[in-house]
Amino acid sequence: LEAGAPLTLTVRAFVPGLGADDLAVECLFATDSACDGDTVTECVPLTVTGSEPDGGLLFTLHHVPNTPGLQHYRLRLYPYHTLLAHRFETGLMLWL
């Protein structure tokens, strides 16, 4: 991926009993830091773009990373509800 080029990611999540409004999927962009390990430079949410007959949900990201140079990314999915005191209150997270 060249600097300034858009990145498109699509994630299929199958979480029985939870709908699109009950989940959050984020992409964390990071760079390597000699003294701190990984340094997260951006955290970008994916949007729901569809569903499948078996109940799977499709999440998509169209994004141009803000930081130039070598980067890597991780995806995380977690239960979400507006009434939670903190987005990680449930303690249930899946790193993809």
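Start by selecting Ser-51, which sits in strand β4; strands here are DSSP E runs of at least two residues and helices are H or I runs of at least four, numbered from the N terminus. Before you go further, bear in mind that this is a predicted model, where local features need pLDDT of at least 70, side-chain atom pairs count only at pLDDT 80 or more, and totals for chains, interfaces and linings use all residues. Residues are numbered from 1 along each chain as its sequence is written, and side-chain values use heavy atoms, with hydrogens and water left out.

**Stop 1: around Ser-51**

Is Ser-51 buried or exposed? Ser-51 counts as exposed, at 56% relative accessibility. The cut-offs are under 20% relative accessible area for buried, over 50% for exposed and partly exposed in between, using a 1.4 Å probe and protein chains only. Now show what touches Ser-51: apart from neighbours within four places in sequence, Ser-51 is in contact with Gly-56 and Leu-57 (contact means heavy atoms within 4.5 Å).

**Stop 2: the whole chain**

Zoom out and switch to cartoon. You'll find 7 strands and 0 helices, so from the N terminus on the pattern simply reads β-β-β-β-β-β-β, by the DSSP definition of strands. Of the 96 residues, 28% count as buried. Take contacts between residues at least 6 apart in sequence: 56% of them join residues at least 24 apart.

**Stop 3**

As a general point, side chains of opposite charge can pair when their charged atoms come close. A salt bridge here is a side-chain nitrogen of Lys or Arg within 4 Å of a carboxyl oxygen of Asp or Glu, and the count by this rule comes to 3.

Arg-12 bridges to Glu-52, with the closest N and O atoms 2.3 Å apart. That pair links distant parts of the chain, since Arg-12 is in strand β1 and Glu-52 is in the loop between β4 (47-51) and β5, 40 residues apart. Arg-12 also bridges to Asp-54, again with the closest N and O atoms at 2.3 Å; Asp-54 is in the loop between β4 and β5, 42 residues from Arg-12. Together, Arg-12, Glu-52 and Asp-54 are linked in a network of salt bridges.

Colour the trio by accessibility and you get:

- Arg-12: partly exposed, 41% relative accessible area
- Glu-52: partly exposed, 29%
- Asp-54: partly exposed, 45%

**Stop 4**

Next, pick Glu-26 and Arg-76. These two form a salt bridge, the closest N and O atoms being 2.6 Å apart. Glu-26 is in strand β2 and Arg-76 in strand β6, 50 residues apart, which makes this another link between distant parts of the chain. Are they buried or exposed? Glu-26 counts as buried at 7% relative accessibility, and Arg-76 counts as buried at 8%.

Cys-43 is partly exposed at 35% relative accessibility. Leaving aside neighbours within four places in sequence, Cys-43 is in contact with Glu-26, Cys-27, Leu-28 and Arg-76. Cys-43 and Leu-75 are 32 residues apart in sequence, with 9.5 Å from C-alpha to C-alpha.

**Stop 5: the nonpolar core**

Select Leu-9, Cys-27, Phe-29, Leu-46, Phe-59, Leu-61 and Leu-75: they have the most contacts inside the largest nonpolar core, which has 15 residues. Elements giving two or more residues to this core are β1 (7-13), β2 (23-33), β5 (57-63) and β6 (72-79). A nonpolar core is a set of buried Ala, Val, Leu, Ile, Met, Phe, Trp, Tyr and Cys residues joined through side-chain atoms within 4.5 Å. Centre on Leu-9: not counting residues up to four places away, Leu-9 touches Cys-27, Phe-59, Thr-60, Leu-61, Tyr-73 and Leu-75.
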